[in-house]
Structures are given as C-alpha cells and as structure tokens.
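Work through the exercises below with the sequence and model open. Try each task before reading its solution.

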Amino acid sequence: MLTLRELATTLAALRFWREEITQSGDFSARPYLKGVGMPGVQPLTTEEIERLSAKLRSLPVTE
C-alpha cells in the first residue's frame with residue numbers, strides 16, 4: 001500500500017515522464033531505465049502511462 005505522498009510523487013513523476021521523456025522518443029528514456037537496472041525494457045507510451053496513472057489512482061492509500 002502506498003502513502004498519499006508516495007502516490008502523489010509517483011503520479012507527478014509519471015506526468016513529467018509523459019510530458020518530457022516520451023516526446024523525445026526512447027533515446028531519452030534509456031539512461032533512466034539503465035539507472036534503475038532495467039536497460040533492455042521498452043518504456044511505456046503516452047497512452048500506457050495514462051492507463052498506469054489511472055490504475056494507481058484507484059489503489060487504496062494511507063496517510
């Protein structure tokens with residue numbers, strides 16, 4: 001279970017990713033994915049980020 005702050009931070013990070021990273025293609029995402037130990041993973045598309053954000057908003061949160 002996520003805290004409200006964790007959820008807010010995650011949703012904000014996803015919004016940034018959607019607005020800044022996806023606009024320049026996979027090239028910009030590579031260093032970030034490598035940094036979290038997942039260099040071969042295909043980044044989410046804008047639409048997939050929207051769906052993930054909706055899923056996260058439906059999770060129960062704690063204060």
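**Exercise 1.** How many residues has helix α3, and what span does α3 reach from its first C-alpha to its last?

This is a predicted model: local features need pLDDT of at least 70, side-chain atom pairs count only at pLDDT 80 or more, and totals for chains, interfaces and linings use all residues. Residues are numbered from 1 along each chain as its sequence is written, and side-chain values use heavy atoms, with hydrogens and water left out.

*Solution.* Helices are DSSP runs of H or I, at least four residues, numbered from the N terminus. Helix α3 covers residues 46-57, which makes 12 residues. Its span is 17 Å, close to the expected 16 Å. The expected value is 1.5 Å times one less than the number of residues.

**Exercise 2.** Find which residues of α3 are buried and which are exposed.

*Solution.* Apply the cut-offs: buried is under 20% relative accessible area, exposed over 50% (1.4 Å probe, protein chains only). Ile 49, Ser 53 and Leu 56 are buried. Down the helix axis they fall within an arc of 60°, so they line one face of α3; the arc takes directions from the axis to the C-beta atoms. Glu 47, Arg 51 and Lys 55 are exposed, on the face turned away from the buried side. The buried residues pack against α1 (4-21).

Note on methods:
Helices (H or I, at least four residues) and strands (E, at least two) are DSSP runs, numbered from the N terminus. Contact means heavy atoms within 4.5 Å.
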